[in-house]
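Good morning, colleagues. I shall go through a few local features of one structure, beginning with a pair of helices. Please look at the model first.

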Amino acid sequence: VAMSARLIEAQKWFRKSPEAMGRCLDFGCGTGLLAFELQPWCSAVLGLDTSQGMLEVMEEKIAAAGMQSKMRTTRSLQEAGEFDLIVSMLCIHHVKDCALQLKELSSLLRPSGRLVIVDFEATENARIFHKESERKGDHYEHDGLPAKELTQWLKDASMSEVDLVRQPFEKERAEGWPNAGTK
């Protein structure tokens, strides 16, 4: 998570000064790991997730940090409003219709807003990211995102500038695969 935050912060458009990035939406926020990494540079952060359990953990973290005036959670895009920055880390591969979801997210951006998708690319090893027992269509929708398709989905979502930044990473093989727990 910290590596992803540092990559986002290193982009030429990123303004690394207190609250300079404006309102931020963390789409598929989980427990808020990325939201907490980016919050110093945002005036407000909204974490959105479909899992009530994940949001409850994030809400506990917000309360423990005394950040209730700056950070909050929701399960609905309808309540979201407009954003200067929308980030999504390891979420879009769980979405059935990626093109439609990206259009919806881009419609929430203010003029000159940024949409940042951090996810894994569709490769021959993408399947081992999830446990062997987890099935496509049940726990997730895509074995990674194909770079060409992702770029086209973003362009179709009226994103005028699309930069694809590849950053290799290693993750231990998920449970159930040969050599699970190794890289």
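Predicted model: local features only at pLDDT ≥ 70, side-chain atom pairs only at ≥ 80, totals over all residues.

Let me begin with a contact: C98, A99, L102 and K103 in α4 meet L150, W153, L154 and D156 in α5, where contact means heavy atoms within 4.5 Å. The residues of this contact comprise six nonpolar, no polar and two charged. In that division Ala, Val, Leu, Ile, Met, Phe, Trp, Tyr, Cys and Pro count as nonpolar, Asp, Glu, Lys and Arg as charged, and the others, Gly among them, as polar.

Residues are numbered from 1 along each chain as its sequence is written, and side-chain values use heavy atoms, with hydrogens and water left out.

To return to the helices, α4 covers residues 98-106 and α5 residues 147-156; helices here are DSSP runs of H or I with at least four residues, strands are runs of E with at least two, and both are numbered from the N terminus. The axes of α4 and α5 come within 8 Å and cross at roughly 40°. Such axes are lines fitted to C-alpha atoms, for helices over the stretch in contact, with angles from 0 to 180 degrees between N-to-C directions. The two helices, α4 and α5, are therefore oblique to each other, a term for angles that are not under 35 degrees (roughly parallel), over 145 (roughly antiparallel) or 65 to 115 (roughly perpendicular).

In the loop between β4 (83-89) and α4 we find H93. Is H93 buried or exposed? H93 is buried, its relative accessible area being 0%; buried means under 20%, exposed over 50%, and partly exposed in between, with a 1.4 Å probe and protein chains only. Leaving aside residues up to four places away in sequence, H93 touches D119, F120, F129, H130, Y140, E141, H142 and L145.

L90 also belongs to the loop between β4 and α4. Although L90 is not a glycine, it has a positive phi of about 55°, and L90 is partly exposed at 33% relative accessible area.

Elsewhere, in the loop between α1 (2-9) and β1 (23-27), there is E19. E19 likewise is not a glycine, yet has a positive phi of about 65°. With a relative accessible area of 43%, E19 is partly exposed. Thank you.
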